[in-house]
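Reader: I would like to learn how to read a protein model with care, one feature after another. Could you show me what to look at, giving the general idea and then the case itself?

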Amino acid sequence: MAVRKSSKKPQAEVIKQILRRCSSFGKKQGYNNEEGHLPEDVPKGHFPVYVGENRTRYIVPISWLGHPQFQSLLRKAEEEFGFNHDMGLTIPCDELDFQYRTSLIR
């Protein structure tokens with residue numbers, strides 16, 4: 001039996017892909033501030049995520065991408081939705097769980 005190589009990308013590559021998608025998301029949605037990135041209510045160094053059944057929008061710092069609590073949420077998002085869509089980064093958990101997990105990051 002041949003050993004099959006995993007199709008999973010290294011975590012650093014996944015994080016880079018997320019950052020590229022976040023910075024290009026605003027352009028696709030027609031948000032054209034002077035830097036040509038995200039909507040004006042998203043501060044530099046942050047990106048939006050959508051959480052829960054109602055897809056509530058949260059603005060989170062990019063620094064969270066390296067935190068184990070947030071990385072577990074990213075793995076869930078990748079498993080359920082993948083990262084190849086134009087809907088923004090959607091986290092598949094309920095809002096209370098998201099708020100609890102992110103409270104551990106601060």
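Author: Let us begin with contacts, a word that here stands for heavy atoms within 4.5 Å. Among the contacts in the chain with a separation of 6 or more, 47% are between residues 24 or more positions apart. Please keep in mind that this is a predicted model, in which local features need pLDDT of at least 70 and side-chain atom pairs count only at pLDDT 80 or more, while totals for chains, interfaces and linings use all residues. Residues are numbered from 1 along each chain as its sequence is written, and side-chain values use heavy atoms, with hydrogens and water left out.

Reader: In what order do the elements of the chain run from the N terminus on?

Author: Helices (H or I, at least four residues) and strands (E, at least two) are DSSP runs, numbered from the N terminus. The chain has three helices and three strands, and their order is α-β-β-α-β-α.

Reader: What share of the 106 residues counts as buried?

Author: Buried means under 20% relative accessible area, exposed means over 50%, and partly exposed lies in between, with a 1.4 Å probe and protein chains only. By this rule 35% of the 106 residues are buried, whereas Arg55, with a relative accessible area of 30%, is partly exposed.

Reader: Which residues touch the most other members of the largest nonpolar core?

Author: A nonpolar core is a set of buried Ala, Val, Leu, Ile, Met, Phe, Trp, Tyr and Cys residues joined through side-chain atoms within 4.5 Å. The largest one has 17 residues, and those that touch the most other members are Val49, Val60, Phe70, Leu89, Ile91 and Phe98. Two or more residues come from each of β1 (46–51), β2 (56–61), α2 (68–80) and β3 (89–91), and α2 gives the largest share, four residues. Leaving aside neighbours within four places in sequence, Phe70 has contacts that include Val49, Val60, Trp64 and Phe98.

Reader: Which residues of helix α3 are buried, and why do they lie on the same side?

Author: An α-helix has 3.6 residues a turn, so residues three or four places apart point the same way. In α3 (residues 95–103) the buried residues are Phe98, Arg101 and Thr102. They lie on the same side of α3 because they cover an arc of only 95° around the axis, taken from the directions from the helix axis to the C-beta atoms. The cover over these buried residues includes β1, β2, α2 and β3, while the face turned away from the buried side carries the exposed Leu96 and Tyr100.

Reader: Is Arg101 buried or exposed, and which residues does Arg101 touch?

Author: Arg101 counts as buried, at 18% relative accessibility. Not counting residues up to four places away in sequence, Arg101 touches Gln69, Ser72, Leu73 and Lys76.
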